[in-house]
Amino acid sequence: MQAFLVSAGVVALAEIGDKTQLLSLLLAAKFKRPVPIILGIFVATLLNHGMAGLVGGWVSEHIGPDVLRWVLGVSFLAMAVWTLIPDKLDDGESTSLQRFGVFGTTVLAFFLAEMGDKTQVATVALAARYNDLISVVIGTTIGMMLANVPAVLLGDIVVKKVSMRLVHGIAALMFAVLGLLALLDVGSFF
């Protein structure tokens, strides 16, 4: 349960203001069809984070516990810094995918935008840390949905009411705490 809760919380906060959340807003404004967009985000995230979780599991099996502790600690600290840097969506990222319909465009655009993104990297690190693929992938997917469904449904209202700087600060703090706990080998606290 701990792997699920930490994964969901960390990713939900890290996703706010992320380029994939901006992509969610763009798709919602462009297509005005929230159900296929939300389903597309879910499918893309599940596939992307499933693969990232497998990579994290492989890493935890092939790296010794001391090296893994340092890699995870430094990775989480790097994620803390990365979270403080706002993302921008590249113009035209989804325009070439429109021929696949709303659902297909969302799956493809979201899957591609998530490649190498901080939430995908966080999924790798969380899967390596917890060695519980199912809980981590479900947690990170739920975290993505918690951040992106309101963006699709409420769009501009959410962006105007929520302080992105505060949310990014909280997410960065969570990553920093996870990093320090890993470096200090305080495994039972996270």
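Trainee: Where does Lys32 lie?
Mentor: Lys32 sits in the loop between α2 and α3. Helices here are DSSP runs of H or I, at least four residues, and strands are runs of E, at least two, numbered from the N terminus.

Trainee: Where does this model come from, and how are residues numbered?
Mentor: This is a predicted model, with residues numbered from 1 along each chain as its sequence is written. Local features need pLDDT of at least 70, side-chain atom pairs count only at pLDDT 80 or more, totals for chains, interfaces and linings use all residues, and side-chain values use heavy atoms, leaving out hydrogens and water.

Trainee: Back to Lys32. Buried or exposed?
Mentor: Lys32 is exposed, at 64% relative accessible area. Buried means under 20%, exposed over 50%, and partly exposed in between, with a 1.4 Å probe and protein chains only.

Trainee: What about its phi?
Mentor: Lys32 has a positive phi of about 50°, although it is not a glycine. Most residues other than glycine have a negative phi.

Trainee: Which other residue has a positive phi although it is not a glycine?
Mentor: Asn131, also at about 50°. Asn131 is in the loop between α6 and α7. With 54% relative accessibility, Asn131 counts as exposed.

Trainee: How much of the chain is buried?
Mentor: Of its 190 residues, 49% count as buried.

Trainee: What about contacts between residues some way apart in sequence?
Mentor: Take contacts between residues at least 6 apart in sequence. Of these, 89% join residues at least 24 apart. Contact means heavy atoms within 4.5 Å.

Trainee: Show me a buried residue. Where is Thr141?
Mentor: Thr141 is in helix α7. Its relative accessible area is 2%, so Thr141 is buried.

Trainee: What does Thr141 touch?
Mentor: Leave aside its neighbours within four places in sequence. Then Thr141 is in contact with Phe42, Thr45, Leu46 and His49.

Trainee: Which elements do the buried residues of α5 pack against?
Mentor: They pack against α1, α2, α3, α6 and α7. Helix α5 covers residues 101-114. Its buried residues include Val102, Val107, Phe110 and Glu114.

Trainee: How do α6 and α7 sit against each other?
Mentor: Their axes come within 9 Å and cross at roughly 150°. That makes α6 roughly antiparallel to α7. Axes are lines fitted to C-alpha atoms, for helices over the stretch in contact, and angles run from 0 to 180 degrees between N-to-C directions. Over 145 degrees counts as roughly antiparallel, under 35 as roughly parallel, 65 to 115 as roughly perpendicular, and the rest as oblique.

Trainee: Which residues meet there?
Mentor: From α6 come Thr119, Thr123, Leu126, Ala127 and Tyr130. They meet Val136, Thr140 and Met144 in α7.

Trainee: How many of those are nonpolar, polar or charged?
Mentor: Five are nonpolar, three polar and no residue is charged. Ala, Val, Leu, Ile, Met, Phe, Trp, Tyr, Cys and Pro count as nonpolar, Asp, Glu, Lys and Arg as charged, and the others, Gly among them, as polar.

Trainee: Last one. Where is Ala29?
Mentor: Ala29 is in helix α2. At 45% relative accessibility, Ala29 counts as partly exposed. The C-alpha atoms of Ala29 and Leu153 are separated by 9.9 Å, yet the two residues are 124 apart along the chain.

Technical notes
The expected span of a helix is 1.5 Å times one less than its number of residues.
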